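Let's take a walk through the aromatic residues of this protein and the space beside them. Have the model open as you read.

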Amino acid sequence: MSTAAPGADWADDNADARPVLASATQRSRIEWVDTDAAGIYHNSTVIRLVEAAEAHLARERGMDGYFPVAPRVRYEADFEAPLFFGQEVTTTVSVVELGRSSMTFGFEVWGEEFEQAPRVRAARGRYVTVHLDRSGPGRATSAPWPAEWVERLGGGPA
C-alpha cells in the first residue's frame with residue numbers, strides 16, 4: 001500500500017514514464033449509485049471519477065470542445081482497495097505523454113480516511129485518447145491536436 005501524494009507513484013512504478021505535462025485533482029464522494037447493495041464501489045466508478053477529473057483539466061486549460069473529439073482507445077486499471085458509500089475520494093489525472101494525435105494519461109484514485117481507516121489508494125492506471133477530425137463526411141479520422149491545446153497542456157508550440 002502506498003501513502004505517496006496523488007499522482008506521485010505512477011512515474012515511480014513505470015521506469016519509462018515521462019514527466020507530467022499537466023494534471024488536475026478533483027475531490028468527490030462515493031454515492032449510492034456508485035456502489036453495490038453492500039455499499040462497496042463498482043469498478044466502473046473509477047472511470048466516472050477519472051473522466052470527471054479529466055473534464056476538470058480540460059476546463060481548467062480552456063480546451064473547449066475536447067470531449068467530442070477525444071475518445072479513449074486504451075484503458076488499464078489496477079484496483080487496489082475498496083471504496084465505500086459516503087467516502088470522500090481524491091482523483092488525479094496527469095498527462096504523461098502528448099503525441100501528434102494521441103495523449104496518454106496516468107491516474108490515481110485515493111479513498112480518504114473513512115470510519116477510522118487511513119487514506120488508501122483505491123485504483124491507479126493509464127489510458128490513451130486520440131484526437132479525431134470530425135469535419136468531413138463519413139468516419140472521423142485521426143488528426144493532430146490543435147496547437148493551442150498542445151500549448152495549454154505544457155507541450156510547447158506544436
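At 6% relative accessibility, tryptophan 149 counts as buried (buried means under 20% relative accessible area, exposed over 50%, partly exposed in between, with a 1.4 Å probe and protein chains only). Tryptophan 145 is buried too, at 5%.

This is a predicted model, where local features need pLDDT of at least 70 and side-chain atom pairs count only at pLDDT 80 or more, while totals for chains, interfaces and linings use all residues. Residues are numbered from 1 along each chain as its sequence is written, and side-chain values use heavy atoms, with hydrogens and water left out.

The structure holds 10 aromatic pairs (rings of Phe, Tyr and Trp, the last by its six-membered ring, with centres within 6.5 Å; planes under 30 degrees apart are stacked, over 60 edge-to-face, the rest tilted). Phenylalanine 105 and tyrosine 127 are stacked because their ring centres lie 4.8 Å apart and their planes meet at 10 degrees. This pair joins distant parts of the chain, 22 residues apart: phenylalanine 105 sits in strand 4 (residues 102-111) and tyrosine 127 in strand 5 (residues 120-130) (strands are DSSP runs of E, at least two residues, and helices runs of H or I, at least four, numbered from the N terminus). Phenylalanine 105 is buried at 2%, and tyrosine 127 at 1%.

Tryptophan 145 and tryptophan 149 make a tilted pair, 6.3 Å centre to centre with 40 degrees between the planes.
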